[in-house]
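Please keep the sequence and the model in view while reading.

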Amino acid sequence: MTTAVIVLNGGSSSGKSGIARCLQALLPDPWLALGTDTLVDAMPASMRASDAGIEFAADGEVIVGPEFRTLEAAWIEGITAMARAGARVIVDEVFLGGADSQRRWQQTLGDLRVLWVGVRCDSAVAAGREVARGDRVIGMAASQADLVHRGVVYDLEVDTTHTESMECARAIAAHVR
């Protein structure tokens, strides 16, 4: 069975998006790269400042409400449908709920072959990247660095603290069937 989905899970500014772009360049078949940022950006602005949607607290905490969860479930179903239709998909995710977040994906992805990848980065390094990016609430990277990995089971882990995205992508590509 060939790999249909690669799930990259890591905190904000850990390097997931860069790895996804490198994977697209390395892998022989075309792969779509879809991230949680895409989902959030697609939501109405009113949901990005609502306790029913998604809130970004001043300290970097991310709080999701029931309307966000409803749209997230539809998003996961949509990605699964694309994979079942033959698209190969790289998912750039932030498992704010740790193992519970992974379970939501596992239940929907079902029997598809998934490569689960943990993308780790030292919280101080991720926090420095967060400041340099300028498009994140300061504190997200530090608060998510360990939180998103709690109870999550991976096929492979990479660490971008001292390793470039391309090298991480090569390690991941070696596990794709």
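## Model and confidence

Confidence is lowest in strand S3 (residues 54-56), at a mean of 93, and highest in strand S1 (residues 5-9), at 99; helices (H or I, at least four residues) and strands (E, at least two) are DSSP runs numbered from the N terminus.

This is a predicted model, in which local features need pLDDT of at least 70 and side-chain atom pairs count only at pLDDT 80 or more, while totals for chains, interfaces and linings use all residues. Residues are numbered from 1 along each chain as its sequence is written, and side-chain values use heavy atoms, with hydrogens and water left out.

## The sheet

Five strands form an open sheet in the order S2-S5-S1-S6-S7, with parallel pairing; two strands pair if DSSP finds at least two bridges between them. At the edges are strand S2 (31-35) and strand S7 (156-159), each of which pairs on one side only. From one strand to the next the twist averages 20°, where angles run from 0 to 180 degrees between N-to-C directions and axes are lines fitted to C-alpha atoms, for helices over the stretch in contact.

Strand S6 (residues 114-120) pairs with S7 in the parallel sense over four bridges, and Arg 120 stands opposite Asp 159 in S7. H4 packs on this sheet, touching S1, strand S5 (88-93) and S6, and its direction makes about 160° with that of S6; contact means heavy atoms within 4.5 Å. Helix H7 (residues 165-173) lies across S1, S6 and S7, running at about 170° to S7.

## Helix H1 against H7

Helix H1 (residues 16-26) packs with H7 at an angle of about 60°, their axes being 8 Å apart. The two helices H1 and H7 are therefore oblique to each other, given that angles under 35 degrees count as roughly parallel, over 145 as roughly antiparallel, 65 to 115 as roughly perpendicular and the rest as oblique. Among the residues making the contact are Ile 19, Cys 22 and Leu 23 of H1 and Met 166, Ala 169 and Ile 172 of H7.

## Helix H3 against H4

Helix H3 (residues 66-84) and helix H4 (residues 99-109) pack at an angle of about 40°, with 9 Å between their axes, which makes H3 oblique to H4. The residues that meet include Trp 75 and Ile 76 in H3 and Arg 104 and Trp 105 in H4.

Technical notes:
pLDDT = per-residue confidence, 0-100.
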